[in-house]
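Q: I am new to this structure and would like to go through it step by step. Could we look at it together?

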Amino acid sequence: MRRKFCAWLLLLCLVVPLAACGGKPQEGSGARTIVDMLGRTVEIPAGLNTVASLSAFAGPMVVLYGWGDRMPATTNAVKRDLLIQAMEPALKDAVSVKSSGSMNAEEILRLNVELIFVDPEIYADPDERAKLEALGIPYVVIQFTDMAGQMEAARVIGEALGETEEAEAYVAYYQEAIDRVKRVVAEIPEEEIPRLYHSVNEAVRTDYPGSVPADWIAVTGVPNVSLEATDLEMKGDHAYTTLEQIYVWDPDLIIANEPGVDDYILTDEKWSGLRAVRERRVYQIPVGVTRWGHPNSVETPLAILWLAELLYPDRFDIDIVAEMKHFYKTFFDYDMDDETAAAVLQGDGIRTPKKSGGRDE
């Protein structure tokens, strides 16, 4: 692998020596600078026109900021998302340039990209970072672990694209969703608050302290049972528990963000003894542009409102269909019809199924 990479790097240096010059703004060109999520100072070219996103969060945010038709290079997650392609049809022709944590540098170069958004995984890999540096294209690292960091990431992406007003509007909506729920939850007696288990992608993958889902679920005041665990199995940034442990927790309700997992939990005999299963309190989290509330979701504020209404229907009067239509119109300039809204709430038919062994990136 190292030999192959070195050969590619040598070829790049010999065949396209002007790539680095073309990708970096020249002194006096009107370029501006921003600071990314790692504190790196990045020069943004004057007259920026095309971007690539190798970040699962940045991809949808680029579309939110109205740059979807100027993103010829993106991730598998964006290419699988049918709703975001309905919002921006140009994405159907975009090229997925990241697979299993590795970027396709040759393709990025071919597409004349002028700015790249990357995740920490790419930046932390020495080979991948060397490819980035060899391209000579400015890149912005997007990294966060909680809601505050996610809102800051939205600001950084917006600043890079020159869309600061739109970024502040998104952050204001996000913060208002948090405040709106917290105000009501503060008045709810503890005995009215159920205990919750959150299934992330797989039935026994779940939340861990310090993660974005743990953060937004906490806004609703509900005890998230997996945060009580001291023996979660960590595989990278994924946390796994066991069915035996879930039986020990015996939560009042279960929410699942992967379509089909809710049906699996409700119908598989091994799960049938759980209180949440017996009482049919297993729910699919909506899926829109992203899985609502997923670690890289742009719809985290909608997830907060959805869960608050689910948990406390007598305390909240949230019309989640009206809320999502407002969100998508305001931030994506997309008029959502009732049929699509119903599909989002059901989490069904919104994303192309992931290929076996593939990864959402």
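Q: Which residues is Y170 in contact with, leaving aside its neighbours within four places in sequence?
A: Y170 is in contact with M61, L64, A154, V298, P301, F327 and F331; contact means heavy atoms within 4.5 Å. This is a predicted model, in which local features need pLDDT of at least 70 and side-chain atom pairs count only at pLDDT 80 or more, while totals for chains, interfaces and linings use all residues. Residues are numbered from 1 along each chain as its sequence is written, and side-chain values use heavy atoms, with hydrogens and water left out.

Q: Which residues have the most contacts inside the largest nonpolar core?
A: They are F117, I142, Y170, W292, Y328 and F332, in a core of 81 residues. A nonpolar core is a set of buried Ala, Val, Leu, Ile, Met, Phe, Trp, Tyr and Cys residues joined through side-chain atoms within 4.5 Å. Buried means under 20% relative accessible area, exposed over 50%, and partly exposed in between, with a 1.4 Å probe and protein chains only.

Q: Which helix gives the largest share of this core?
A: Helix α10 (residues 164-185) does, with nine residues. Helices (H or I, at least four residues) and strands (E, at least two) are DSSP runs, numbered from the N terminus.

Q: What lies apart from that core?
A: Another core of 19 residues does, and A229, A239, W271 and V277 are among them. In soluble globular proteins, nonpolar side chains tend to be buried together.

Q: Now α16. Which of its residues are buried?
A: The buried residues of α16 are I320, E323, M324, F327, Y328, F331 and F332. They cover an arc of only 125 degrees around the axis, so they are on the same side of α16. The arc is that of the directions from the helix axis to the C-beta atoms.

Q: And what covers them?
A: The cover includes α3 (58-64), α5 (82-87), α10, α15 (300-311) and α17 (338-346).

Q: How far apart are the end C-alpha atoms of α16?
A: They are 17 Å apart, which agrees with the 18 Å that the 13 residues of α16 (residues 320-332) should span at 1.5 Å a residue. The expected span is 1.5 Å times one less than the number of residues. D333 follows α16 and has a positive phi, near 55 degrees.

Q: Changing topic: is R40 buried or exposed?
A: R40 is buried, because its relative accessible area is 19%. R40 is found in the loop between β1 (32-35) and β2 (41-44).

Q: What does its side chain reach?
A: The side chain of R40 reaches the backbone oxygen of Y139 at 3.0 Å, and it makes a polar contact with the side chain of D36 (2.5 Å). A polar contact is a pair of N or O atoms within 3.5 Å; within protein, one must be able to donate a hydrogen and the other to accept it, and residues adjacent in sequence count only if both atoms are side-chain atoms.

Q: What about the strands: which ones does β14 pair with?
A: β14 pairs in the parallel sense with strand β10 (residues 196-199) over four bridges, and with strand β15 (residues 282-284), also parallel, over three bridges. Two strands pair if DSSP finds at least two bridges between them. S199 stands opposite A256 in β14, and the bridge partner of I255 in β15 is Y283.

Q: Which way do the residues of β14 point?
A: L253 and I255 point one way from β14 (residues 253-256), I254 and A256 the other way, and all are buried. In a regular strand the side chains alternate between the two faces of the sheet.

Q: What is the order of the open sheet of three strands?
A: The order is β11-β13-β12, with antiparallel pairing. The edge strands are β11 and β12 (233-235), each pairing on one side only. β12 and strand β13 (residues 238-240) pair over three bridges, and the bridge partner of E233 in β13 is Y240.

Q: Last one: is N201 buried or exposed, and what about R280?
A: N201 counts as buried because its relative accessibility is 15%, whereas R280, at 53%, counts as exposed. Phi is positive in N201, near 70 degrees, and in R280, near 60 degrees. N201 is in the loop between β10 and β11 (205-206); R280 is in the loop between α14 (275-278) and β15.
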